[in-house]
Amino acid sequence: MNEAKVESMVWSLLDGHRQLEARVDREGEDYVVAFRGRKLRVQLEDPRAWNGSGAGKQSSGIAKITTPMPGKVVRVLVEVGAEVKAGDGVVVVEAMKMQNEMKSPIDGIVKQVAAVEGATVNGNQMLVVIEAHAG
Amino acid sequence: MLRKVLIANRGEIAVRVIRALREMNIPSVAVFSDVDRHALHVRMADEAVGIGGAASADSYLRMDKIIDAARKVGADSIHPGYGFLSENAAFAALCEKEGLIFIGPPSSAIEQLGSKTSARQLAKRAGTPIPPGTEEALNNANEAKAIAREVGYPVILKAASGGGGKGMRRVEREEDLEAAFRDASSEAERSFRDSAVYIEKFIVRPRHIEIQILGDHHGNMIYLGERECSIQRRHQKVVEEAPSPFIVNHPELRAKMGEAAVAAAKEAGYTNAGTCEFLVDIHGNFYFLEMNTRLQVEHPVTESITSIDLVKWQLRIAAGEKLTLKQEDISIRGWSMECRLYAEDADNGFLPSPGEITSLSLPGGPGVRLDSGVYPGWKVPLEYDPLLIKLVAWAETREDVVHRLIRALEETHIGGIRTNVEFFLDLLADTEFLAADLHTGFLDEWFTRRKKHEFTPAEIEAAKRVSALARRPKPQQVHVKSKWKELPLR
C-alpha cells in the first residue's frame, strides 16, 4: 500500500489504483479512523499494559459505573452498603439538558460512591463501584 | 433601517443573523455566557457583551442582563433567534416597554399563540381547520363517547393543561374509552393538578407540513411555500425538506394551506416571520397544530427554494419597511433538504457528546450550504442544545438533493466528538425514504430495519495502517473495534 500524508493526521492511501482517504483522531487510548464520513475505532494494544489489573469488568465481580460523557451529577440514588439489582438506577447525570440514569449492570452491594450531587464530572469518570454477591 | 442589533442567542443561529447584518452593513452585538467567550458567534460579531454564568438561566434567559447589554452598547433592536427567549411573550413585552425593537411578532401575538387552547380557539375563529374534537374540558366519559362517535375512532384524550405526552391516551374502540378517560384524568390530576381532559380525533400516520409566512406592519402578509418535517425523533425534527413531496403530488393544497396559515396569523395580529404547523392525513385533510412565533431552525430550506432571505426580511420588517414581495412573486425552484448535525452518540441512545472538536473538515461544491456555529478546537459546551451545524443542500429534484447530501456528508469530518453524520448516511440511503413515503412515525419504523454499514477489508487494513502511522512507536498488537462488532485481526 502506498501512503501519502496529505494533512496533519490525514493520509491518502493507494492500493494499486484504489484510493482511500483516511482521517485519524485520537480518542483516549483509541484511534478513530474516518473514511468518507464513516468512523472506525482502532485499538492499538501495548502488551506492557497486560499486567493482570484488568479492573472494571464484570469478570472480577466488580462493576464500576462511569460517566459516558461530561455532565453534572443531579442525584445519587445509592449509598455505600446498599443492595442493588441489575438495572437499578444508581446515579443521575445531566448533560445538555438531558438527564441520564446510570444503572447497575449486576446484582450486588455498593462498595464505593465517588459521585457527589451537584458536582461536574468528566467523561469516563468513576461514579460508583458495585461488588457482585459472592457465589 | 435598524441602527445596531443585539442577538440574544448563541451558536449557528447567532452566526446566521450576524451574517445578514454584515451584508446589510448593520453593526452586530453578540452576547455570551462564561463558557462561550471563545464561541464562533462572538468572534464574528462587531461587539460582544458577557452576560453571566454557563447555565442558560444565568445568561441567555436573563431578560434583565440582555436589556442592560443592549442599553450599554446602544443597540436599538434585539433578534432573539430560536429557543431561549424567542417565544417568551414577557420578553417581547419588556422590549416594547423599554423602547427596543423586538425582531419578531408583537408580544400580544406570542401570548395568544403560546397556549394550546387559545391557539386552537384562534385558529377556529380564523377558519383554519383544527383536529375535530372539543376545545373545552369533558365532564364525563359519556360526553367523550358522544364526541368520539361523531368524529370517528381512533381518538386521543389530552390533558387540557398538559404537555410532554402526560395525560394522553389513544383510544381505538368505544369499549376502551371509559377506562382511558379515567386514566387520562387521574394522570392529568397527578401531573398538572388539573384533571381536565379534552378529546380530539387521532390522525393516523400524519405528515408534519408547515407553512412559512412573512407579514409587515402595513397589513401585507404572504406565505412562502411549505416545508415537510415528518422525520422526527421524540417530536424533534431531524431532516427537513422543501417542497413537501406530498404537496407536490397534491398541488392544490399549497395555496389552501398557505391561505389558512395567513388567516390564523392575521387573526393573531401577527407580523414578521412565523410558521404555521399542520398535521396532514393521507387524504390531504390538514389540521392546525401550532404556530411558531419565531424564525425556525429549518428556515434555510425555504430560502433555498424561494431565493428569499428570511432573516433580511425580518430585519427590514422590524425597521418598519414595507414587504415589497407580493404573493405572486413567490415561486419555488428545485428541492432543498437539511440535516441537523448534532454532537450526539447516535449509536448509544443519542446521548449528547460534548467535548473538543479536534479536527474539522467541511463539504463544499455545488448546492451546499453550511450554517455552522463551530470551528476546529472549539469545545462544545454541555450546557446547551448540541446542534453544531446545519447542512443544507439544494438540487433540481428530490433524488438529486438526497445524493448531494450523501456526497456532502461523506466530505464532512468532525473529529473528537460523536456526531449523527453516519445516522444520516444510513437514513438517506433507505429506499422508503427515497420513495418519500413519510409520516411522523417514520423514524421509529426505520430504526427496526436500519442497515448496518460494513467496512471493506481494505478499509480495515488501512485503518490499522494509519493508526500505526499516527502513533510513533510500532504497535505490538492490533485489533479493530468497529461499532457493530469486534474483529481481532491478528
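I started with the largest nonpolar core, which has 106 residues, and Leu6(B), Ile78(B) and Phe433(B) touch the most other members. My rule for a core: buried Ala, Val, Leu, Ile, Met, Phe, Trp, Tyr and Cys residues joined through side-chain atoms within 4.5 Å. Buried is under 20% relative accessible area, exposed is over 50%, and partly exposed is in between (1.4 Å probe, protein chains only).

Housekeeping: this is a predicted model, where local features need pLDDT of at least 70, side-chain atom pairs count only at pLDDT 80 or more, and totals for chains, interfaces and linings use all residues. Residues are numbered from 1 along each chain as its sequence is written, chains are lettered from A and ligands numbered from 1 in the order in which they are written, and side-chain values use heavy atoms, with hydrogens and water left out.

Next I checked Phe433(B): leaving aside neighbours within four places in sequence, its contacts (heavy atoms within 4.5 Å) include Ile231(B), Met337(B) and Phe442(B). I also found a second, separate core of 28 residues, with Phe246(B) among them.

Arg62(B) and Asp64(B) form one of them, at 2.9 Å, N to O. Arg62(B) is partly exposed at 28% relative accessibility, and Asp64(B) is partly exposed at 38%.

I looked up Arg369(B) and Glu303(B) too: their side chains meet at 2.8 Å, N to O. Arg369(B) is partly exposed at 23%, whereas Glu303(B) is buried at 7%.

Conventions:
A salt bridge is a side-chain nitrogen of Lys or Arg within 4 Å of a carboxyl oxygen of Asp or Glu.
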